[in-house]
Amino acid sequence: MIRDLTRPEEPVIGVFLEGKDLKAGRIVNDKVDQYLEVEIDNTAEEEVVLNQLIGAISRLYTPDIAGIGIGVPSLVDVHKGIVYNVEHIPSWRTVHLGELLKMQFKTGIYVNNDANCLAIGEKYYGKGTRYRNMAAIVAGIGLGAGIIMDNRLYSGSNCGAGEFGYIPYKDRNYEYYCTTGYFEVKYGIKPKTLLARAQKQDKIALAILEQFGFDFANFVMTVMFSVDPELIVISGPVAEFFPYFKDSLRKNLNSFPFEKSVENLKIEVSSSPNIEVLGAAALYFDAQRKN
């Protein structure tokens, strides 16, 4: 864990909201002291969903909380705490989340998107503690990344930094070719079935994942050209397939024009428990950081 930033003695709350699934934790001395998972009605009206979120936070909140960090799958005005067009919550088109929660809880509120939370979580609590520059790729149904530059989370002007999945690739984009949905669309096989077959060394399954590794390597090279990380951490459902496509990924990376960049790049799979909640809490720590 990062030791060059003093942590407050007071606890911090981290909240990770993803559709109907809400995870939250109270973090004390770098550990999840209390944890909860609740299901919210993500199809309800804006105020109903907000009240359910407030209710979950209230179960962890005490007056000594130093800050509350929240990860949301959307574009975010990180300075004003406004979330826009939240995925899987149709009623949340423009919600002044930071302002509304600060009125309720009277403490600092830090809002960012889900991929950025995972990146700062890996930086403080996971695979990225020894690296100044890294990217956390979140690959499942969607595809994006959170970026750490010089030990700080980089969100961009509109919290859109790291949305590499939308970059055109072949006849579609990277999100089409480098997520689990591609297995079913292209090969007519469900991801869980493909994984089970790969675990049994099925030749067809392994060939599918070899090609997947080739495409994923091109995606990784796009990240390398953009931010030149020392480390890439892969999380989300695609991470389960990594043992079966890592060799073809590495082989294709050899086509990258900067040999030293490939040689120095570490690629890991996220393995830290509750990293989403820890990452949301770490938004508070990142906001306090001076260098």
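Figure 1. Glutamate 268 is partly exposed, with a relative accessible area of 32%; buried stands for under 20% relative accessible area, exposed for over 50%, and partly exposed for values in between (1.4 Å probe, protein chains only). The model is predicted, so local features need pLDDT of at least 70 and side-chain atom pairs count only at pLDDT 80 or more, whereas totals for chains, interfaces and linings use all residues. Residues are numbered from 1 along each chain as its sequence is written, and side-chain values use heavy atoms, with hydrogens and water left out. The side chain of glutamate 268 meets that of lysine 127 in a salt bridge (3.8 Å, N to O), a term that denotes a side-chain nitrogen of Lys or Arg within 4 Å of a carboxyl oxygen of Asp or Glu. Distant parts of the chain are linked by this pair, 141 residues apart: lysine 127 lies in the loop between helix 3 (114-125) and strand 9 (134-139), and glutamate 268 lies in strand 15 (residues 266-269). Helices (H or I, at least four residues) and strands (E, at least two) are DSSP runs, numbered from the N terminus. Lysine 127 is likewise partly exposed, at 28% relative accessibility.

**Figure 2. Two further salt bridges.** The structure holds nine salt bridges. One of them joins glutamate 263 to lysine 260, with the closest N and O atoms 3.2 Å apart. These two residues are separated by about one helical turn because they stand three residues apart in helix 9 (residues 259-264). Both glutamate 263 and lysine 260 are exposed. Another salt bridge brings together the side chains of lysine 190 and glutamate 184 (3.2 Å, N to O). Glutamate 184 is partly exposed, at 40% relative accessibility.

Figure 3. The structure holds zero disulfides, a disulfide being a pair of cysteine sulfur atoms within 2.5 Å. For cysteine 117, which is in no disulfide, the nearest cysteine sulfur is that of cysteine 159, 8.8 Å away. Cysteine 159 is also in no disulfide, its nearest cysteine sulfur being that of cysteine 117. Cysteine 117 is buried, with a relative accessible area of 0%, and cysteine 159 is buried, with a relative accessible area of 1%. Cysteine 159 is found in the loop between strand 11 (152-154) and strand 12 (168-169).

**Figure 4. Positive phi at cysteine 159 and asparagine 274.** Most residues other than glycine have a negative phi. Cysteine 159, although not a glycine, has a positive phi of about 65°. Asparagine 274, also a residue other than glycine, has a positive phi near 60°. Asparagine 274 is placed in the loop between strand 15 and helix 10 (275-288) and is partly exposed, at 29% relative accessibility.

**Figure 5. A patch of negative charge on the surface.** Glu18, Asp21, Glu37, Glu39, Asp41, Glu87 and Glu163 gather in this patch. Patches are made of residues with over 30% relative accessible area and no salt bridge, like charges being joined within 9 Å and nonpolar side chains (Val, Leu, Ile, Met, Phe, Trp, Tyr) within 5 Å. Lys and Arg count as positive and Asp and Glu as negative, while His and the chain ends are not counted. Glutamate 39 is located in strand 3 (residues 31-39) and is exposed, with a relative accessible area of 61%.

Technical notes
Areas by Shrake-Rupley, 256 points an atom, 1.4 Å probe, with all protein chains shown as cover. Charge placed at Lys NZ, Arg CZ, Asp CG, Glu CD.
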